[in-house]
Amino acid sequence: MGKRHLTMRDIAAKAGVSSATVSRVLSGSGLVRPALAEKVFKVVEELDFQPNSLARSLKTSVTHTIGVIMTDIMNPHNAQVVRGIESLAIEHGYNMILCTTGGNERRQTEYIRMFRERRVDGLIVFPSPRNEDKHGYLELQRVSKEIPLVFLAQKVIGLGSGAILFDEAGGAYTAVKHLSEHGHKRIGLINGSLELLAGQEKLKGYKKAIEDFGLEEDDDLIREADFTKIELAIKETLTVLSLSNPPTALFVCNNLLTIGVIKAVRSLGLLIPQDIAVVSFDDPYWMEFLDPPLTTVALPALELGAE
């Protein structure tokens, strides 16, 4: 016969108080005399009592839990964003549950459904770029009507939920402007996927700066890689630097792509910035250990997560 789970009634009987008093002590609501509270906590510790949070949530409709769905946390930027979310959640008395999809829409749909069933108080989603899964889209529609839902870095067309967006275009414009001010006229772009809003916005900012500052326009200078794949950044960097008229500078659209660019440049025996100037988007901690350090467009990931 299985071991019976302890209830607040058991704690109350052992402590010699009412169940209502135990509830007030454990939830921190209502006034309870210190002596009674101490008695309750002593019994809780003695019996190793764990309140049933799901049962409590069914009564209160509050779980004090926030769900977060990210594509991945291998990217240091995403990890920092998650840290920002978690820090603020803890500060306000909430727990955070994190799931990663690897860009798999079916997995995203399963996690959204799971969070609905767990009755989380809010959901933050870094959505899949394609949203081709009709079931997944319908699940997003359903959850948006039941739970506060915020998208991170990517909009989902047709849903009225809020979105925290980074100024990708502005950051790209600033990077190209900086290179232009240092005398560069032929500037290459190592971008991520154009299926993502981040890639689209960075390309937009890059092109606007090229036009505004009268720089050379050449589609061969624009290379599309993948924000998460260093090897593709290496490939595209080698391609652009092998042009008969290569760029004198590169704008690189995130920190993982920057690792690939540095590897490719070094494999050609070139030096940064003597032979090729590089400006990176994101400002990961490891940038400061480079010699010489790279110029970066900082993205305050912790603050963005908290926002």
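This is a predicted model: local features need pLDDT of at least 70, side-chain atom pairs count only at pLDDT 80 or more; totals for chains, interfaces and linings use all residues.
1. A word on terms before we start: two strands count as paired here if DSSP finds at least two bridges between them.

2. For the overall picture, the protein chain has twelve helices and ten strands. Of its 307 residues, 44% count as buried. Among contacts with a separation of 6 or more, 67% come from residues 24 or more positions apart.

3. The sheet I would look at together with you is an open one of five strands, ordered β7-β6-β8-β9-β10, with parallel pairing. The edges are taken by β7 (222-224) and β10 (295-297); each has a single partner strand, so one side of each is left without a neighbour in the sheet. On average, neighbouring strands here are turned by 20° against each other, direction ignored.

4. Now to the other pairings in this sheet. On the β8 side of β6, four bridges join the two strands, again in parallel, and I190 has V252 in β8 as its bridge partner. Strand β8 (residues 249-252) also pairs with β9 (residues 277-281), in the parallel sense and over four bridges. There, F251 has V279 in β9 as its bridge partner.

5. How many of the five residues of β6 are buried? Five of the five are, so β6 is largely enclosed by the rest of the structure. In a regular strand the side chains alternate between the two faces of the sheet. In β6, I187, L189 and N191 point one way while G188 and I190 point the other way, and all are buried.

6. Helix α9 (residues 197-212) packs on it and touches β6 (187-191), β7 and β9, with a direction at about 175° to that of β6. Helix α10 (residues 230-241) lies across β6, β7 and β8 and runs at about 160° to β7.

7. A198 sits in helix α9 and is buried, at a relative accessible area of 13%. Its C-alpha atom is separated by 8.9 Å from that of D167, although A198 and D167 are 31 residues apart along the chain. S180, in helix α8 (residues 168-181), is at 16% relative accessibility and so counts as buried, the cut-off being under 20%. Leaving out residues up to four places away in sequence, S180 touches I187, F213 and L215; I187 is one of the buried β6 residues.

8. Turning to a helix pair, α1 (residues 8-15) packs with α3 (residues 34-47) at an angle of about 120°, their axes 9 Å apart. The crossing is right-handed. From α1, residues I11, K14 and A15 meet K39, V40, V43, V44, E46 and L47 of α3. By class, this contact has six nonpolar, no polar and three charged residues.

Key. Residues are numbered from 1 along each chain as its sequence is written. Side-chain values use heavy atoms; hydrogens and water are left out. Axes are lines fitted to C-alpha atoms, for helices over the stretch in contact, and angles run from 0 to 180 degrees between N-to-C directions. Contact means heavy atoms within 4.5 Å. A crossing is left-handed if the near helix is turned anticlockwise from the far one by less than a right angle, and right-handed if clockwise. Ala, Val, Leu, Ile, Met, Phe, Trp, Tyr, Cys and Pro count as nonpolar, Asp, Glu, Lys and Arg as charged, and the others, Gly among them, as polar. Buried means under 20% relative accessible area, exposed over 50%, partly exposed in between (1.4 Å probe, protein chains only).
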